[in-house]
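This report walks through a single protein chain, one topic at a time. Please keep the sequence and the model in view while reading.

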Amino acid sequence: MLCCRIIPCLDVANGRVVKGTRFVDLVDEGDPPELAERYAAQGADELVFLDITAAPEGRGTLLDIVERTARRAFIPLTVGGGVRSADDMRDVLRAGADKVSLNTAAAADPGLVGRCAARFGRQAVVVAIDARRREDGWEVVVKGGREPTGLDAVAWAERAVGLGAGELLVTSMDRDGTRSGFDTELLRAITSRVSVPVIASGGAAGPDDFVAAVRDGGADAVLAASIFHRRLHSIAEVKAAMAAAGLPVRLVPAMEAVG
């Protein structure tokens, strides 16, 4: 089994990292490059940078901030928000991203996934799925959680992988920012149907939730924001809990005593 990855998320609006609850009531959390450097030093395995207002505002990704962030953190960087074409993806990769996350544009134009994968390789294509629970499962929502699509999240996950997605970033809209734990039922519904890595997002409250996302949800990586931004828990604490639960993680210096 590959090491489980711990991924801090930088939700960026107006050039600043922000965090809210269910994608609203945003609070300023700091400067993207500064936080990226801090998390890389603390043992993060990867970073996700999401320009969360690009799609609602109909604009491209903030490439200058991506460039500054990439220069400060020498770990893999996934960037999403505002990518509507393979040329947009090229520009984001040139700015320093290792992978590009497609969300709103992919739901509107599924062929975009295949075009990007054909040009840059499926390992560089992440499809982000923001899912909201409904009576018969989960619905995909786009434009920063503002617009329902009618798409079934599990069916869309399978289709996205078939089109060329090399990884999925699955966020529970119901759990986002609530610190009520990851939606392991949603995660399991998707991980049981796809063969690519799945990143769990939405709801982290503490280290035990990361363990549950992998053990119960089948996730390959776990993403969180507010608990790291507000120093409620450290990356080392999370990895120690995962190691204690028997999950493989990349150790950080503070964990050398952990078996």
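## L168 and the nonpolar core

Leaving aside its neighbours within four places in sequence, L168 is in contact with V126, V127, I129, A157, A160, V161, I190, V194, V196, P197, V198 and I199, where contact means heavy atoms within 4.5 Å. L168 is also one of the residues that touch the most other members of the largest nonpolar core, which has 74 residues; the others are L102, I129, I190, F210, F228 and M242. Helix α7 (residues 153-163) gives the most to this core, with 6 residues. Another core, of 11 residues, lies apart from it and includes I7, V48, A128 and A221.

A nonpolar core is here a set of buried Ala, Val, Leu, Ile, Met, Phe, Trp, Tyr and Cys residues joined through side-chain atoms within 4.5 Å. Buried means under 20% relative accessible area, exposed means over 50% and partly exposed lies in between, computed with a 1.4 Å probe on protein chains only. Helices (H or I, at least four residues) and strands (E, at least two) are DSSP runs, numbered from the N terminus.

## How far the model can be read

This is a predicted model, in which local features need pLDDT of at least 70 and side-chain atom pairs count only at pLDDT 80 or more, while totals for chains, interfaces and linings use all residues. Residues are numbered from 1 along each chain as its sequence is written, and side-chain values use heavy atoms, with hydrogens and water left out.

The mean pLDDT (the predictor's confidence in each residue, from 0 to 100) of the protein chain is 93, and 95% of its residues reach 70 or more. Over residues 255-259, however, pLDDT stays under 50, and for this stretch the model has 8 contacts beyond four places in sequence. Where pLDDT is low, the predicted coordinates should not be read in detail.

## Aromatic pairs

A search of the whole structure finds 3 aromatic pairs, a pair being rings of Phe, Tyr and Trp (its six-membered ring) whose centres lie within 6.5 Å, with planes under 30 degrees apart counted as stacked, over 60 as edge-to-face and the rest as tilted. F182 and F210 form an edge-to-face pair, at 5.9 Å centre to centre and with 80 degrees between the planes. Because F182 lies in the loop between β10 (167-172) and α8 (184-191) while F210 belongs to helix α9 (residues 207-215), this pair ties together parts that are 28 residues apart in sequence. F182 is buried, with a relative accessible area of 6%, and F210 is buried as well, at 0%.

The rings of F210 and F228 have their centres 6.0 Å apart and their planes at 45 degrees, so this pair is tilted. It links distant parts of the chain, with F210 in helix α9 and F228 in helix α10, 18 residues apart. F228 counts as buried at 2% relative accessibility, and ring pairs link Y39, F182, F210 and F228 into a cluster.

## Salt bridges and a buried arginine

The structure holds 21 salt bridges, each being a side-chain nitrogen of Lys or Arg within 4 Å of a carboxyl oxygen of Asp or Glu. In one of them, E46 is joined to R5, the closest N and O atoms being 2.9 Å apart. E46 lies in the loop between α1 and β4 (47-51) and R5 in strand β1 (residues 5-13), so the pair ties together parts that are 41 residues apart in sequence. E46 is buried, with a relative accessible area of 7%, and R5 is buried at 15%; R5, E46, K99 and E167 are linked in a network of salt bridges. Another salt bridge joins R119 and D87, with the closest N and O atoms 2.7 Å apart. R119 counts as partly exposed at 42% relative accessibility, and D87 counts as partly exposed at 37%.

R38, placed in helix α1 (residues 32-41), is buried yet has no salt bridge, and the nearest side chain of opposite charge, E34, is 7.7 Å away. For such charges, Lys and Arg count as positive and Asp and Glu as negative, while His and the chain ends are not counted. Leaving aside its neighbours within four places in sequence, R38 is in contact with F228, H229 and R231. R231 is found in the loop between α10 (226-229) and α11 (235-244) and is exposed, with a relative accessible area of 58%.
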